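Morning, everyone. Please have a look at it first.

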Amino acid sequence: MNAQEYKRNAKDNRYTSPAAIEPITGYLPSFSPVMEGGMKDSFYARYELVRHYGQTFGAKSKNKKQSNEKGVSINEISGSLKLQVFEDKFSATEMRNAKDELHGIVKLKLNNKAESLLVENWEMESFVKGVPETRFIENGSWENDLLIVKSKNTKKKQHTENRLIANWSLLSILSSGKLRTSDAFVFDMLENSICFPNQRIMYEGVIEVPISGGTMKLDSYAQIGWGRVPTHYLVDSDGRVQLITGETVSWALKELINS
């Protein structure tokens, strides 16, 4: 009976369906989509990191800033992503803020192979802000299906089965609209210096998303694969990736400028 009651409540609540927006339903009423710029060429983008901390339970919710509507996600902004994309390379600076005020920062510079957006080589630097002894640097390259990652004291090799694409290069691929009418897009994904094999992105269709002042229709793409929680990319009709949602960490587009 409890399961039946939950399903009934979820069906009646526009903020818990479909799965693509469940992790950020508490954030969406204040979300204003970026309506200028594009992601098909060179661009600068800034995203907010939106964390998920469970759900509200109606009148029993202790979080006064959160909606009392049952089943709405509790969200907090706790980081940012700054992304500069060119034709065959990008740089990204990601900051994740912890509640103990220790801010983790990852900087990435990556070169892609022209047009295909396949990974060529990169450098990653990570550290905790204000704690210089945590600084760590890795360099990597990919050629002939062999991934090589080097740091000061280590070197590791990994054979890949599919084309290798960096996670932030997916924005340009999704922006093109080519995946909307294709079969599942299969690839190995590089996130910082970690390779997640056998990933696939599938087009799910158009969904209506509640936003500040109304609703917006967005194309929904779902990514599933080894070692990753399901991730959804919500793309508007002009190819802007407005939202990237995961189980506990999501990204919301806040600024977009073309070079």
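A word on terms before we start. Strands here are DSSP runs of E, at least two residues in length, and they are numbered from the N terminus. Keep in mind that this is a predicted model.

Now, the loops. Between β10 (185-191) and β11 (194-211) there is a loop, and N192 lies in it. N192 is not a glycine, yet its phi is positive, near 60°.

Where does D145 sit? In the loop between β6 (131-143) and β7 (146-150). D145 also has a positive phi, about 65°, and it is not a glycine either.

On to the strands. Take β1, residues 43-55. β1 pairs with β15, residues 249-258, in the antiparallel sense, over 9 bridges. β1 also pairs with β2, residues 73-85, again antiparallel, over 10 bridges.

In β15, R51 stands opposite V249. In β2, the bridge partner of R51 is E76.

Last, the surface. Which residues gather in a patch of negative charge? They are D41, E87, D88, E115, E120 and E143. Pick out E120. E120 is found in strand β5, residues 119-128. Its relative accessibility is 35%, so E120 counts as partly exposed.

That's the tour. Over to you.

Terms used:
Residues are numbered from 1 along each chain as its sequence is written. This is a predicted model: local features need pLDDT of at least 70, side-chain atom pairs count only at pLDDT 80 or more; totals for chains, interfaces and linings use all residues. Side-chain values use heavy atoms; hydrogens and water are left out. Patches are made of residues with over 30% relative accessible area and no salt bridge: like charges are joined within 9 Å, nonpolar side chains (Val, Leu, Ile, Met, Phe, Trp, Tyr) within 5 Å. Accessible areas come from the Shrake-Rupley method with a 1.4 Å probe; for residues, only the protein chains shown count as cover. A salt bridge is a side-chain nitrogen of Lys or Arg within 4 Å of a carboxyl oxygen of Asp or Glu. Lys and Arg count as positive and Asp and Glu as negative; His and the chain ends are not counted. The place of a charge is taken as NZ of Lys, CZ of Arg, CG of Asp or CD of Glu. Helices (H or I, at least four residues) and strands (E, at least two) are DSSP runs, numbered from the N terminus. Buried means under 20% relative accessible area, exposed over 50%, partly exposed in between (1.4 Å probe, protein chains only). Two strands pair if DSSP finds at least two bridges between them.
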